[in-house]
Amino acid sequence: MGIKALYYDVQDVGKHIKKTKRRFIWRFSIDGHEHQVELTVSYLSGKKKVVHNGSILFENQKVMGGSFQYPFSIQSTMCNIV
């Protein structure tokens with residue numbers, strides 16, 4: 001099995017104050033199949049959203065304190081956002 005990193009970016013995407021919300025974007029391939037995973041974090045509300053290839057995997061509606069971790073699998077490969 002081959003995993004290859006293709007792209008990484010961090011974007012400030014807050015509506016009124018850009019730095020209050022950030023989107024982290026990872027693109028990689030697993031066995032030749034490309035994937036994109038995005039983590040959007042609101043620093044004001046604490047809300048987080050994880051998206052894989054346009055499909056929402058996780059979205060919380062409540063404020064979460066402390067550290068964040070989200071394990072998930074793609075093509076039988078375990079991934080983890082920490």
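Ser 29 is buried, with a relative accessible area of 11%; buried means under 20%, exposed over 50% and partly exposed in between, with a 1.4 Å probe and protein chains only. The model is predicted: local features need pLDDT of at least 70, side-chain atom pairs count only at pLDDT 80 or more, and totals for chains, interfaces and linings use all residues. Residues are numbered from 1 along each chain as its sequence is written, and side-chain values use heavy atoms, leaving out hydrogens and water.

**Surroundings of Ser 29**

- Ser 29 lies in strand β2; strands (E, at least two residues) and helices (H or I, at least four) are DSSP runs numbered from the N terminus.
- Not counting residues up to four places away in sequence, Ser 29 touches Gly 2, Ile 3, Lys 4, Leu 6 and Glu 34, where contact means heavy atoms within 4.5 Å.

**The five-stranded sheet**

- An open sheet of five strands runs in the order β1-β2-β3-β4-β5 with antiparallel pairing; two strands pair if DSSP finds at least two bridges between them.
- The edge strands β1 and β5 (55-59) each pair on one side only.
- Direction ignored, neighbouring strands of this sheet are turned by 15° against each other on average, with axes taken as lines fitted to C-alpha atoms (for helices over the stretch in contact) and angles running from 0 to 180 degrees between N-to-C directions.
- Strands of a sheet pair through backbone hydrogen bonds, either parallel or antiparallel.

**Strand pairs**

- Strand β1 (residues 3-12) is antiparallel to β2 and joined to it by nine bridges; Val 10 stands opposite Phe 24 in β2.
- Between β2 and β3 there are 10 bridges, again in the antiparallel sense, and Lys 21 has Ser 42 in β3 as its bridge partner.
- The hairpin of β2 and β3 has two residues between the strands, and Asp 31 in the turn has a positive phi of about 50°.
- Four bridges link strand β4 (residues 48-52) and β5 in the antiparallel sense; Val 51 is opposite Ile 56 in β5.

**Nonpolar core**

- The largest nonpolar core has 13 residues, of which Val 37, Leu 39, Val 50, Phe 68, Phe 72, Ile 74 and Ile 81 touch the most other members; such a core is a set of buried Ala, Val, Leu, Ile, Met, Phe, Trp, Tyr and Cys residues joined through side-chain atoms within 4.5 Å.
- Two or more residues of this core come from each of β2 (21-30), β3 (33-42), β6 (70-74) and β7 (77-81).
- Phe 68 touches Leu 39, Lys 48, Val 50, Phe 58, Ile 81 and Val 82, not counting residues up to four places away in sequence.
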